[in-house]
Structure formats: structure tokens, C-alpha cells
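Q: Can you walk me through this structure? I'd like to start with the overall picture and then look at a few details.

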Amino acid sequence: MGNSQSLRSAAYSGGRWMAIQNIGLQALSLATTAVLARILSPSDFGLVAIVMVLLGLFSLINQVGWGAALVVRKQLSPEIVSTAFWAATVFGAAAATVLVVLAAPLASLFGNPAATDLLRAIVIVLLLGPPGAVARALLARDLRYQAIALLRLTKQTTYAVTAVSLAAVAGLGVWSVILGQVLAAAVGLVLVMVIARPPIRLVFRRKEFLSDLPFNAGFLGNRAAGYLGKNVDYWAVSKFLGDGPLGAYYIAYVAPNLVRQRVTQAIQATLFPLLARINDDSERLKRVWLESTEKALLIVAPLMVGLAMLADAIIEVLFGSQWATAVGPMRILAVVAIVGVIIAINGSVFTAIGKPHLSAIGGTVRILVVGSLAVPGAWLAGTAGVAWAVLGGSISVAVLTLHFLRREVRIGFGESIAAFRPLILPVAVMMASVLGVRAVLDLPGPLFELLLLVPLGTVAYFGTGFGVHRATFSDLGRDAFGIILGSWNRKGGA
């Protein structure tokens, strides 16, 4: 009983810190992008998008599973931690070396050789990331969510200040983003090593390394397939539409991705370590999945639906009228973000029960679907056509992973639908209110529209929610910060 109570307390505290982290990271990321969007050109943002996509692909080595394997293990020793640390460091160096060698052909693959030098400079991030990932895993294992949140906020602040300063004052253009990423990675590594104090020794145990390989291979396959599936659209836009449209597509992706990314990071940081402790109890796993999915959707869905309805006003106010071509794809990508949260929660369950390959299968399906639709979509409808291809791929993966959940955890179709039920009517009323007022009134400018319609939509959503699903929305309202995928355990889920 005491252990269960301790887990619930840790989850509640973790949820609060993940909420603080998510709000801070979202605000910093959005503000940084909004400022840079008024300094850099669409072509500059196209280059940034290429570099970030390829950096993310090679950075998967940070998530190869060395850290996750430490979280899952029942017992740890300095030898096990040291083995994971040195393995991660060597793999990170190997990834950096490969990126340096392949920088030119990869830049050409995206149709922009100018990205070559930028890619070679940013390999420093690949060297610094993997050792830090192992140290952060120790913090996650000990449920030290406050430390994790403060580390990520410090890194993002370092990047924001550096990138904006170098772009606005020094006029370094795209290089301001690259140097900001490098400095943030260096600061993050130093801080996590000081805070986590991993027991690193000059020890490498081949037995421990080999014992983790099956888990790590499945974990890496999951992340690699998922990442490629999520970024094949960038390749299609860059290759067939060019730098300018890629920059606009990047801007269209920013706001929806901020919400999706922050919530999925909270899932991985908060939900996974807890699920790993109850991975042999399907009933508890089922309850945690149902409550976390329901609460995640109650937060993400209205935000994304509102973003889709007001995309034109949001783009003009935040980024400027020169980014008007981002409105169409942003509306579609907002819906993609809702589906992406469901996929992330399902993936955390698969990893916790030791079957990350199930998510890898979903990621492979996404690559096939998006890859087959993105190119004709680009030809027929530009960036909006590519966004439709992404939505089709995301829905395919969500349906497939829900099927896997039914097989592995015995989550039935009716139980899956129950997670969506409290959302339907409040979102419908919110949409009717916002679209109705917007159609009837001739509002004087995008800023005024946002100042009027955002509060109106919020009142309509929560008012309907409290009226129809009082218990669910009361719980949501009481814990606005802890709710972001951390406080499901208040009902005893974990």
C-alpha cells in the first residue's frame, strides 16, 4: 500500500513539473520562432528545416535505448551504468562521423547543397547528446521530474537567447540557429552530469552490453521508423517544391508540433517509467492508458481544433503576413497533432511491456503511407497536399496501434471509444460558437479576432464540458498543471 501511495504521489508531482516544463518550453519555442521568422527569410527557414530533420535522424542514437534500458532494469550497478554510458558515447561519435562524411550527399538528397556546411557544424550536438541521455535516464528512473524539467527549460532558454541574439545583433542568419543548438547541447550536458552524478567508471561489461541489445534494437527501430515516417514530408516538400515552400511548411508545423511534442515528451518522461513498474498487470495498464489518453485529448484536441479554425489570424499575428502560405497546411497538421498524441501514448505502453517493435511496425506503415502519398500530394496541391498525406499516414498508424493494444493489453474497441467520448460535444459546441461569430461579425483585424474568439471558444468548451461531463472536467480544472499526462494516478491508475 505504501509503495502504491508513493507511486501516486510521485506521478502527481511529476505531472505538475512536466506541465511547468511543457508550458515553459512551448512559450520559449513559440516566441523564439516568432522572432526569428521576422528576421530570417523563408529560404533560411528551409535550410533550418533540412538541418533539423537530418540532425534529428542522426540524434536517434541518443534514444537507441541505453537510457530506457536503465529505466526498465530492476537493479542497477556502477558497471551497468558505465557500460551504457561508454556504449552511448561511442555510438554518438560514430553517428557524428557518418554525418560529416554524408553531409554533402544528404544535402543534395534534399535538393539544397548549401546545407552541407551547416550539417558538418552541428555534429557537435551528436557528440554531446548520448552521454547526457544516459544521465537523464537515471533522473527518470528515480522519478526526479523537477530536475528533468529545469534542465530542459535551461537548455531551451540557452538556445533562445543565443539564436535570437546572433540573428538580430550579429546578423548571422541560419548560423545563429546552428550555434544556438550547439551551445544549448553543451550547457545541457554539463548540467545533467552535475545533477545526476552518474557513477561512471572506466568499465565496459560485454555481457551487460549484449543483454540490452534486443531491447535496444527494438527501441531504436521504433524511434527510427517513427522519425522517418514523421519527416518524409519534409523531404518531399524540399525536393519537389523548394526552399521557400519548405520554410512555409516549417512555420505551419511549428505551433501544432509544439503542443504535440511537449505532450509526447511528458508521456515519455512521466508515463513510461511508471508503466515499466506495472508492466505485468494488464488491468492497471489498461486503466492508466484510458485515463491518460482521455486527459491528453481533453487538453490537446481543443487547442488543435482552435488552431485550425484560427490559423490565418495566428499566422499573421505571430509570424507576419509574409507567411500566409502556411495557413492551409497548418490547419491539417493541427489535426495530425491530435492523432500523434494517441500514437505516443500507445508507444509508451508497448515500450513498457518490452515490445517496442510494435511501434516500429506502426512507424514503418507511416513511412509507406506518407511516402506513397506525399509526392503526388506535392504535385497536386503543394504543401497542403503533403499535409493531407501526413494525416492519412497518422490515422493509419493510430488504427494499427489500437489493434495491437487490443491484442497485447486487452483494450477493447468500446474502451477505446470511451477515451474520446467526453471530448465530442464540448469541441462541437466550441467550433459552432467560434465559426458562427466569425461568420456573422466583421471583426477589425486578426489580433482583435484572437482576443475575442479565443476566450469565446474557451468558455464554450469548458462550459459545455462542465455541463455534460462534470466529474471529468472538474478533475481537469482542479489540476491544470499536473494534468498533462501525470495526474491520472489520482484515481488510482498506477
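**Overall picture and details**

A: Among contacts between residues at least 6 apart in sequence in the protein chain, 84% join residues at least 24 apart. Keep in mind that this is a predicted model.

Q: How many helices and strands are there in the protein chain?
A: The chain has 18 helices and zero strands.

Q: And what share of the residues is buried?
A: Of the 494 residues in the protein chain, 56% are buried.

Q: Okay, salt bridges. How many turn up in the whole structure?
A: A search of the whole structure gives five salt bridges. One of them is between R438 and D312, with their closest N and O atoms 2.8 Å apart.

Q: Where in the chain do those two sit?
A: R438 belongs to helix α16, residues 421-440, and D312 to helix α12. They are 126 residues apart, and the pair links distant parts of the chain.

Q: Is R438 buried or exposed?
A: R438 has a relative accessible area of 19%, and the cut-off for buried is under 20%, so R438 counts as buried.

Q: What about D312?
A: D312 is partly exposed, at 31% relative accessibility.

Q: What is the salt bridge between R438 and E449 like?
A: There the closest N and O atoms are 2.9 Å apart. E449 is buried, with 13% relative accessibility.

Q: Which residues are linked with R438 in a network of salt bridges?
A: The network of salt bridges links R438 with D312, R331 and E449.

Q: What about the salt bridge of E408 with R407?
A: The closest N and O atoms of E408 and R407 are 3.2 Å apart. E408 is partly exposed at a relative accessible area of 24%, and R407 is partly exposed at 42%.

Q: Then how do α12 and α13 cross?
A: Helix α12 covers residues 311-318 and helix α13 covers residues 327-352. Their axes come within 9 Å and cross at roughly 115°. The crossing of α12 past α13 is right-handed.

Q: Which residues make the contact?
A: On α12 they are A311, D312 and I315, and on α13 they are V327, M330 and R331. Four of the contact residues are nonpolar, none is polar and two are charged.

Q: What about α6 and α7, how do their axes cross?
A: The axes of α6, residues 123-141, and α7, residues 145-168, come within 8 Å and cross at roughly 145°. R136, L139 and A140 of α6 make the contact with A147, I148 and L151 of α7. That contact has five nonpolar residues, no polar ones and one charged.

Q: Now α8. How many residues has it, and what does it reach from its first C-alpha to its last?
A: α8 has 23 residues and reaches 33 Å from its first C-alpha to its last. That is close to the 33 Å expected at 1.5 Å a residue.

Q: Which residues of α8 are buried?
A: The buried residues include V174, S176, V177, I178, G180 and V182. A184, A185, G188, L189, V192 and A196 are buried as well.

Q: What comes just after α8?
A: R197, which takes a positive phi of about 45°. R197 is a residue other than glycine, and R197 lies in the loop between α8 and α9 (206-241).

Q: Is R197 buried or exposed?
A: R197 is exposed, at a relative accessible area of 66%.

Definitions and conventions: Residues numbered from 1 in each chain as written. Predicted model: local features only at pLDDT ≥ 70, side-chain atom pairs only at ≥ 80, totals over all residues. Heavy atoms only, no water. Axes fitted to C-alpha atoms, helices over the stretch in contact; angles between N-to-C directions. Helix = DSSP H or I, 4+ residues; strand = E, 2+ residues; numbered from the N terminus. Left-handed = near helix turned anticlockwise from the far one by under 90°. Contact = heavy atoms within 4.5 Å. Nonpolar A, V, L, I, M, F, W, Y, C, P; charged D, E, K, R; others polar. Salt bridge = Lys/Arg side-chain N within 4 Å of Asp/Glu carboxyl O. Buried < 20%, exposed > 50% of the residue type's maximum accessible area, 1.4 Å probe, protein only. Expected span 1.5 Å × (residues − 1).
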